[in-house]
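Keep the sequence and the structure side by side as you read.

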Amino acid sequence: MRPVKHRIGNKIIPVIVVCGILLAIWQALAGGGERSRRESLSARLFRAECEESAGELLPVLAWGQEGQEDLTVTREALEEWMPGYLYRTQAGQVAVRQPDGAFSQETELTLEELMRLENQEHFTEDTDSVTMLDLESLLAENGWYAGDETEQPESGGLTAGIPDAVSSENAILDGESGGFTPHVRQQTVDLTELQDYETLRNRYYSVDSVTNIGRDLLDVEKLSQRDLSIDKGQEGPQILIYHTHSREGFADSVPGDDSTTIMGVGQHLADILEQRYGYQVLHHLGAYDKETRDNAYSRSLPEITRLLEENPQIQVIIDLHRDAVADESNRLVMDLDGRPTARFMFFNGISWTRRTGSIDYLQNDNLSDNLAFSFQMKLKAEEYYPGLTRRNYINGYRYNMHLRPRTLLIELGAQNNTLEEAMNACDPIAHLLDLVLSGEQTREGAVGVSP
């Protein structure tokens, strides 16, 4: 039997060692002062995130901050380091941590809140162009009118030509309109590379800061293989061209002369589609921004809806705009076969913003088809006219693109382009439309460049 003092010593020594370790840990933690001792680890990491450390490594820990009500920084960090994390699906919403630790769904903001938060100019990533949200007009689609609800838009003629804006039928058919000859394929895009979400997004899209677009919508196989062909032989117009912002002009536009604005460019595009490619086109000359741009989308929606009801055979809608650039020295133009030609981009609204999630009251059941249409147009442009188009632009609202599956919103040139440059761009646009609408398919998975 061992002496009692030995048994006691065997118990005391481990206790002393453990106490020493705990004391050392306590002293190390105490080095940060009283404030550090009171804070939780997640709170310290959250503050460190603002100092560009923990936010880069462990942004998710910021969700655990106790009593934190404003998670703006946290959400930005998550989106920066986990692209698509906050984006679920079109019907998805963002979970927000409440002060009691529970999570609830973010609710719709009021019109006033959205106006205050998001009615501002946004610049595209590649060309510093200005895209006006015109949010009051967009949300008025759902019945919110800021002005006189009884005021009727000026519709104008539906198919009347615009004098002096376009070349004659013979000139277009004979190739005398600036000597344009449709290109053969200059190169073949390798679709296998675009199966990678990041590659597709970075090469083909600019995404506005108010929104995001996830892998569920950017699937190159779905976008490229959707059949968008139409029957040219059907009776009545197959294509509708109109202008939500009819007053958009160019550097040399003549005040009061619609033939020198985007309206004249739209008539030129309609003539080319009819006379060179055999489509029947309805060019709507309604002016919905005559006094103000406010409510332009809501003003145009009833009239465009009526036109479609009267002409159910219309399968393609083109809302033709002129963009704007912040820097006047930045000109969206290139030499195309010796002709100065305005560059253009295709625009999509996806009814989803970072702040609201899915905008259910701006539902677009044709979103997938709209995205496929703009993607196939961009793809053909890269193959037949490399460098002519800018990256497709994604914004958060709807822009009346829900009315037909084949709906395009085109931003053609900018305020510092000339009318001639904009008119010249109509030739390749019409050719690209014919390639897509006639069912010309890209060879799946093709690699390399063809002459």
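Buried means under 20% relative accessible area, exposed means over 50%, and partly exposed lies in between (1.4 Å probe, protein chains only). At 19% relative accessibility, Gln 315 therefore counts as buried. This is a predicted model, in which local features need pLDDT of at least 70, side-chain atom pairs count only at pLDDT 80 or more, and totals for chains, interfaces and linings use all residues. Residues are numbered from 1 along each chain as its sequence is written, and side-chain values use heavy atoms, with hydrogens and water left out.

Stay with Gln 315. It is found in the loop between helix 12 and strand 8. Helices (H or I, at least four residues) and strands (E, at least two) are DSSP runs, numbered from the N terminus. Contact means heavy atoms within 4.5 Å. Leaving aside neighbours within four places in sequence, Gln 315 is in contact with Ile 230, Asp 231, Gln 234, Gln 238, Arg 404 and Arg 406. The C-alpha atoms of Gln 315 and Pro 405 are separated by 7.7 Å, although the two are 90 residues apart along the chain.

Now move into strand 8. Six of the six residues of this strand (residues 316-321) are buried, so the rest of the structure largely encloses it. In a regular strand the side chains alternate between the two faces of the sheet. In strand 8 both faces are covered: Val 316, Ile 318 and Leu 320 are buried on one side, and Ile 317, Asp 319 and His 321 on the other.

Which strands flank it? Two strands pair if DSSP finds at least two bridges between them. Strand 6 (residues 239-242) pairs with strand 8 in the parallel sense over four bridges. Tyr 242 stands opposite Asp 319 there. Strand 16 also runs parallel to strand 8, joined by six bridges. Within strand 16, Thr 407 is the bridge partner of Ile 317.

Next, the nonpolar cores. A nonpolar core is a set of buried Ala, Val, Leu, Ile, Met, Phe, Trp, Tyr and Cys residues joined through side-chain atoms within 4.5 Å. The largest has 64 residues, and those with the most contacts inside it are Val 265 and Leu 412. Helix 14 (residues 419-437) supplies the largest share of this core, 12 residues. Not counting residues up to four places away in sequence, Val 265 touches Phe 250, Leu 320, Leu 412, Leu 419, Ala 422, Met 423 and Cys 426. A second, separate core of 11 residues includes Tyr 297, Phe 347, Leu 362 and Tyr 397.

Rings of Phe, Tyr and Trp (its six-membered ring) pair if their centres lie within 6.5 Å; planes under 30 degrees apart count as stacked, over 60 as edge-to-face and the rest as tilted. A search of the whole structure finds six aromatic pairs. The rings of Tyr 297 and Tyr 399 have centres 5.5 Å apart and planes at 75°, so this pair is edge-to-face. It links distant parts of the chain: Tyr 297 is in helix 12 (residues 296-310), and Tyr 399 is 102 residues away, in the loop between strand 15 (392-395) and strand 16 (406-412). Tyr 297 is buried, with a relative accessible area of 4%. Tyr 399 is buried too, at 2%. Tyr 297, Phe 347, Tyr 393 and Tyr 399 form one aromatic cluster.
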